[in-house]
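Here's a quick briefing to read with the model open beside you. Have a look at the fold before going through the points below.

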Amino acid sequence: MNKSLEDTIIKAQTGDKESRQWIIQQYRPFIIRVASHICKQHIEWSDDEASISLIAFNEAIDRFRENSEKTF
């Protein structure tokens, strides 16, 4: 994984709101694409499904472990 992304995730986990916002901004297309795929319909940011997906993505940031075998 990109070391700067890993560092940014760690900063976000420690409360750096700008780092968290940067990660979310970078992954916005991914978040919407996954939500649309799961729901089998087009999803917009104004939809409830997008909000739920964003909550799940935030949880993924919080639960990521640097030394884990899994990538973000």
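At what angle do helix H2 and H3 pack, and how far apart are their axes? The angle is about 125 degrees, and the axes sit 9 Å apart. That makes H2 oblique to H3, since an angle has to be over 145 degrees to count as roughly antiparallel and 65 to 115 to count as roughly perpendicular. Keep in mind that this is a predicted model.

**The chain as a whole**

- Taken along the principal axes, the box filled by the C-alpha atoms is roughly 35 × 25 × 15 Å.
- Of the 72 residues in the chain, 26% are buried.
- If you take the contacts between residues at least 6 apart in sequence, 42% of them join residues at least 24 apart.

**Helix H3, side by side**

- H3 runs over residues 48-63, and its 16 residues should span 22 Å at 1.5 Å a residue. The end C-alpha atoms are 23 Å apart, which agrees.
- Ala50, Ser53, Phe57 and Ile61 are the ones to look for on the inside: they're buried in H3. They cover an arc of only 85 degrees around the axis, which puts them on the same side of the helix.
- Turn to the face pointing away from that buried side and you'll find the exposed residues Asp48, Ile52, Ile55 and Arg63.

**Where H2 meets H3**

- H2 covers residues 17-39, and its crossing with H3 is right-handed.
- From H2, the contact is made by Arg20, Ile23, Ile24, Tyr27, Ile31, Ile32, Ala35 and Cys39.
- From H3, the partners are Glu49, Ala50, Ser53, Leu54, Phe57, Asn58, Ile61 and Asp62. Among them, Ala50, Ser53, Phe57 and Ile61 are also buried residues of H3.

**Arg20, a buried arginine in H2**

- Arg20 is in helix H2, and it counts as buried because its relative accessibility is 17%, under the 20% cut-off.
- Leaving aside neighbours within four places in sequence, Arg20 is in contact with Ala12, Gln13, Asn58, Ile61 and Asp62.
- Arg20 and Asn58 are 38 residues apart in sequence, yet their C-alpha atoms are 8.2 Å apart in space.

- Not counting residues up to four places away in sequence, Ser36 touches Gln41, His42 and Ile43.

**The loop between H2 and H3**

- Lys40 sits in this loop, and its phi is near 55 degrees, a positive value in a residue other than glycine.
- Is Lys40 buried or exposed? Lys40 is exposed, because its relative accessible area of 73% is over the 50% cut-off.
- Asp47 is found in the loop between H2 and H3 as well, but counts as partly exposed, at 24% relative accessibility.
- Asp47 and Asp62 are 15 residues apart in sequence, and their C-alpha atoms are 23 Å apart in space.

Terms used
Residues are numbered from 1 along each chain as its sequence is written. This is a predicted model: local features need pLDDT of at least 70, side-chain atom pairs count only at pLDDT 80 or more; totals for chains, interfaces and linings use all residues. Side-chain values use heavy atoms; hydrogens and water are left out. Helices (H or I, at least four residues) and strands (E, at least two) are DSSP runs, numbered from the N terminus. The expected span of a helix is 1.5 Å times one less than its number of residues. Buried means under 20% relative accessible area, exposed over 50%, partly exposed in between (1.4 Å probe, protein chains only). The arc is that of the directions from the helix axis to the C-beta atoms. Axes are lines fitted to C-alpha atoms, for helices over the stretch in contact, and angles run from 0 to 180 degrees between N-to-C directions. Angles under 35 degrees count as roughly parallel, over 145 as roughly antiparallel, 65 to 115 as roughly perpendicular and the rest as oblique. A crossing is left-handed if the near helix is turned anticlockwise from the far one by less than a right angle, and right-handed if clockwise. Contact means heavy atoms within 4.5 Å.
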